[in-house]
Amino acid sequence: MYIRQEMKTTIIAGPCVIESAELLDTVARKLVEINHSQGTDIIFKASFDKANRTSITSFRGPGLEKGMQMLADIKSRYRLRILTDIHESWQAAPVADVADVLQIPAFLCRQTDLLVAAARTGRTVNIKKAQFLSGQDMRYPVEKARDAGAQDIWLTERGNIYGYNNLVVDFRNIDDMLQIVPTVIMDCTHSVQRPGGADGKTGGDRRFVPQMAMAAKAFGATGWFFEVHPDPDNGLSDAANMLELSKLEDVVKELKTF
């Protein structure tokens with residue numbers, strides 16, 4: 001008989017990109033409220049630079065120096081752990097001065113120099129599975145990070161491309177990746193993307209975010225990743241698939257009781 005394990009509360013949440021200090025404060029305050037009410041320890045996520053936007057005219061963020069100072073302020077003020085992504089190997093060391101978790105974007109998960117630089121910081125490394133790889137394929141990025149000295153490596157599922165401008169999640173990838181590392185995160189918001197499918201922007205369908213979370217739990221995921229925003233339709237990146245900030249606590253509650 002299958003017995004469900006008690007939920008591990010590795011939850012990552014925050015806006016896709018740093019838009020303003022006010023946005024970071026709004027989201028951080030809500031995450032602290034949820035942590036207090038739900039007994040969680042949500043990790044705050046925001047990107048200082050969205051280097052992989054569809055269009056050259058898309059908003060990218062404040063950049064490394066200003067962005068990391070803003071994240072450092074959030075860490076100090078709200079006592080939240082910080083996760084952010086890096087796109088180039090030289091960014092690893094300065095980002096690790098603030099971030100507790102360095103994230104490797106899906107498109108870059110095979111970039112050896114990037115993985116090695118992240119691993120050498122001694123921080124947790126979260127490697128997102130590329131849209132063109134299987135869960136089993138992720139043993140190779142993990143091997144690179146481990147060989148470079150990483151002690152704590154997470155893998156994140158975020159769907160696969162099947163045809164143009166669409167993603168499909170094969171939840172068997174979660175179990176496959178659990179054979180490689182003990183921590184496998186479900187990216188519930190990027191998995192509902194329609195990459196490049198909105199006239200020079202990435203589209204998506206946020207109404208499926210809660211179902212992605214519950215399905216991933218059924219397949220054994222040990223953590224969940226939610227991009228959230230108080231007004232996602234007017235967000236400057238990933239507007240179509242970010243979850244409304246006001247709905248995050250209900251999803252967390254459902255995950256705890258599912």
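**View 1. Glu157 and Lys129 meet in a salt bridge.** The closest N and O atoms of Glu157 and Lys129 are 3.5 Å apart. A salt bridge here is a side-chain nitrogen of Lys or Arg within 4 Å of a carboxyl oxygen of Asp or Glu. The pair links distant parts of the chain: Glu157 sits in strand S6 and Lys129 in the loop between S5 and H5, 28 residues apart. Helices (H or I, at least four residues) and strands (E, at least two) are DSSP runs, numbered from the N terminus. Both Glu157 and Lys129 are buried. Buried means under 20% relative accessible area, exposed over 50%, and partly exposed in between (1.4 Å probe, protein chains only).

This is a predicted model: local features need pLDDT of at least 70, side-chain atom pairs count only at pLDDT 80 or more, and totals for chains, interfaces and linings use all residues. Residues are numbered from 1 along each chain as its sequence is written, and side-chain values use heavy atoms, with hydrogens and water left out.

**View 2. A salt bridge joins Arg77 and Asp25.** Their closest N and O atoms are 2.8 Å apart. Arg77 belongs to helix H2 (residues 64-78) and Asp25 to helix H1, so this pair links parts of the chain 52 residues apart. Arg77 is partly exposed, at 49% relative accessible area. Asp25 is buried, at 17%. The structure holds 14 salt bridges.

**View 3. Arg123 and Asp100 tie two loops together.** Their side chains form a salt bridge, 4.0 Å from N to O. Arg123 lies in the loop between H4 and S5, and Asp100 in the loop between H3 and S4, so the pair ties together parts 23 residues apart in sequence. Arg123 counts as partly exposed, with 26% relative accessibility. Asp100 is buried, with a relative accessible area of 17%.

**View 4. Helix H4 (residues 112-120) carries a run of buried residues.** These are Leu114, Leu115, Val116, Ala117, Ala118 and Ala119. The buried residues of H4 pack against helix H3 (92-96), strand S4 (101-104), strand S5 (124-128) and helix H5 (139-147). Gly122 follows H4 and has a positive phi, near 85°.

**View 5. Strand S9 (residues 184-187) pairs with S6 and with S12.** Two strands pair if DSSP finds at least two bridges between them. Strand S6 (residues 153-157) runs parallel to S9, joined by 3 bridges. In this pairing, Thr156 stands opposite Ile185. Strand S12 (residues 223-229) also runs parallel to S9, again with 3 bridges. Here Met186 stands opposite Trp224. Val184 and Met186 point one way from S9, while Ile185 and Asp187 point the other way. All four of these residues are buried.

**View 6. Phe44 sits in the largest nonpolar core.** A nonpolar core is a set of buried Ala, Val, Leu, Ile, Met, Phe, Trp, Tyr and Cys residues joined through side-chain atoms within 4.5 Å. The largest has 74 residues, and those with the most contacts inside it are Phe44, Ile127, Met186 and Phe226. Helix H1 (residues 21-38) gives the most to this core, with 7 residues. Contact means heavy atoms within 4.5 Å. Beyond neighbours within four places in sequence, Phe44 is in contact with residues including Ala13, Pro15, Leu24, Leu71 and Ile82. A second, separate core of 7 residues includes Ile12, Ile43, Ile185 and Phe225.

**View 7. Lys45 makes polar contacts while buried.** Lys45 is found in strand S2 (residues 43-45). Its relative accessible area is 1%. A polar contact is a pair of N or O atoms within 3.5 Å; within protein, one must be able to donate a hydrogen and the other to accept it, and residues adjacent in sequence count only if both atoms are side-chain atoms. The side chain of Lys45 makes such a contact with the side chain of Glu227, at 2.7 Å. A polar atom of the Lys45 side chain also lies 2.9 Å from the backbone oxygen of Cys16.

**View 8. Cys16 and Cys109 are in no disulfide.** The structure holds 0 disulfides, counted as pairs of cysteine sulfur atoms within 2.5 Å. For Cys16, the nearest cysteine sulfur belongs to Cys188, 15 Å away. For Cys109, the nearest is that of Cys16, 18 Å away. Cys16 is buried, at 1% relative accessible area. Cys109 is buried too, at 1%.
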